[in-house]
Amino acid sequence: QDERSKALAGRAADRLSATGQRALSRSDIPAAIALLSRATDLLEPNEPHRIELLVDLGQALAESGEEERARTVLRDAVAQAKKLGDERLAAHARVGGIDAWSGAERSSEADREDARRAIQVFERYGDDQGLARAWGLVAWVEWRERRAAEVVKASERALEHARRAGSPRDVAASVYLLAPALAHVPSSLKDATRRAEELIEEEKGNRTVEAYVSHALAHLRGWEGRFDEGRRHAARYRSILRDNGQEGLWIDSAEAAADVELWAGDTEAAIRILTEAQRRFDELGVDDPVLFPFLARAFLAAGRSEDAEEWAAKASVTAHGLWRPLGQAMLARVRARQGRAEDAEALAREAVAAFDQTDFVIFHGQSLLALADVLSVLGREEEATNVAQEAISLFERKGASALAEYARSSVGREE
């Protein structure tokens, strides 16, 4: 290109990127993808502004469900930042777009080290947006490692920096894991609900924050037995994501809606929600195990052990620190009903051990119920009762009355 053509392309890219950034701020993901794609196509590969836009484009693509394209874009950002030798841009490229990877090409150790280095760089530059994203990456690591309280701490720090940066999109991203982590920590449901409602009030007008907080509220209301309220929050969560064009996150959100239905006893509704979502993941070619253990749980509740086995087996071999032990717990129940006593008990105890040292209270309780169910099926009723009581105690301390009531009547039922 001659200098005049470059200048024209640069001005066009500036207009497109500005409009694309505004689309991102209001979470209009399809518009953001279209505009940022056109802007990056107009810029030279090694232009710093292009690298910044690639990170945002990668994040938007991941949220839309286009994970493979997102990874390609983010790899390009990393490569170009390295060529430039710009440590701040390189740090943005390293911590950006975590949603795109689904754990496929990243490890907790590598992510933690990337976040640590990025925080040091962003602190030197006073880059609050970068710090928000780096602490967000820390939160993802803690989530995968089953440390809910640490997720809350990292997410609150991310939120603080996102607010300083004046970035509504990064504010929402900071709340994405903060909200469900608040639901899972050992503090009471009332405390979690109070903080969730504060977040909506603090970020009034940010619909994406409202969506993410509605995720937590759907679970919290369902666990209390307030199922209609839980359904309304789940519907609000999913509706906003759909309106935003966040197709990948909308698929993930099936877990919350199905959880409410399962505790409410509407197994068929849960199966319908989850199978529709997994079908959409398959259509997009997204390899994300998030729905596997919940599909297994729903099919178990319906007495469909063969279907439950398929999804439990898939979940139990994933690398994800939460979905693997949940899958093992569901698979243990299947194995018990197949007469494979030794396998069943080993799987159930491994799941309990995984959650025993964590603060994911609800998942810990569910793993204990799985062990109690296995022991009951194996005819060891006294042991089963004792283990079930542990789960009941956890649920009662949390204030999850619906789960405690379910636990009292669940051991040995056909699911």
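User: Which residues is Phe-395 in contact with, leaving aside its neighbours within four places in sequence?

Analyst: Contact means heavy atoms within 4.5 Å. By that test, and with sequence neighbours within four places left out, Phe-395 touches Val-361, Ile-362, Gly-365, Gln-366, Leu-369, Ala-400, Leu-403, Ala-404 and Ala-407. This is a predicted model, in which local features need pLDDT of at least 70 and side-chain atom pairs count only at pLDDT 80 or more, while totals for chains, interfaces and linings use all residues. Residues are numbered from 1 along each chain as its sequence is written, and side-chain values use heavy atoms, with hydrogens and water left out.

User: What makes a set of residues a nonpolar core, and which residues have the most contacts inside the largest one?

Analyst: The set must consist of buried Ala, Val, Leu, Ile, Met, Phe, Trp, Tyr and Cys residues joined through side-chain atoms within 4.5 Å. Buried is under 20% relative accessible area, exposed is over 50%, and partly exposed is in between (1.4 Å probe, protein chains only). The largest such core has 120 residues, and Tyr-212, Trp-223, Leu-291 and Phe-395 have the most contacts inside it. A second, separate core has 26 residues, including Ile-29, Ala-32, Ile-33 and Ala-60. In soluble globular proteins, nonpolar side chains tend to be buried together.

User: Why is Glu-63 called buried?

Analyst: Its relative accessibility is 8%, so Glu-63 counts as buried. Glu-63 is in helix α3, helices being DSSP runs of H or I with at least four residues, numbered from the N terminus.

User: What makes the pair Glu-63 and Arg-169 a polar contact?

Analyst: A polar contact is a pair of N or O atoms within 3.5 Å; within protein, one must be able to donate a hydrogen and the other to accept it, and residues adjacent in sequence count only if both atoms are side-chain atoms. The side chains of Glu-63 and Arg-169 are joined by such a contact at 2.9 Å. Another, at 3.3 Å, joins the side chains of Glu-247 and Arg-242.

User: Is Glu-247 buried or exposed, and what is it in contact with?

Analyst: Glu-247 has 14% relative accessibility, so it counts as buried. Glu-247 lies in helix α13. Beyond four places in sequence, Glu-247 is in contact with Glu-63, Ser-64, Arg-242, Arg-280 and Leu-284.

User: Why do Ser-27 and Arg-146 count as buried?

Analyst: Ser-27 has 4% relative accessibility and therefore counts as buried; Arg-146, with a relative accessible area of 17%, is buried as well. Ser-27 is in the loop between α1 and α2, and Arg-146 is in the loop between α7 and α8. Phi is positive in each, near 60° for Ser-27 and about 70° for Arg-146, and neither is a glycine.

User: How much space lies in the second largest pocket, and which helix gives the largest share of its lining?

Analyst: About 280 Å³ lies there. Of its 18 lining residues, Gln-21, Asp-56, Gln-129, Arg-133 and Asp-170 are the closest to the centre. A pocket, on a 1 Å grid over the protein atoms alone, is an open set of points where a 1.4 Å probe fits, with protein on both sides within 12 Å along at least five of seven lines; lining residues have an atom within 4 Å of a point. The largest share of the lining, five residues, comes from α3.

Technical notes
Points joined across faces, edges and corners; volume = space filled by probe spheres on them. Helix = DSSP H or I, 4+ residues; strand = E, 2+ residues; numbered from the N terminus.
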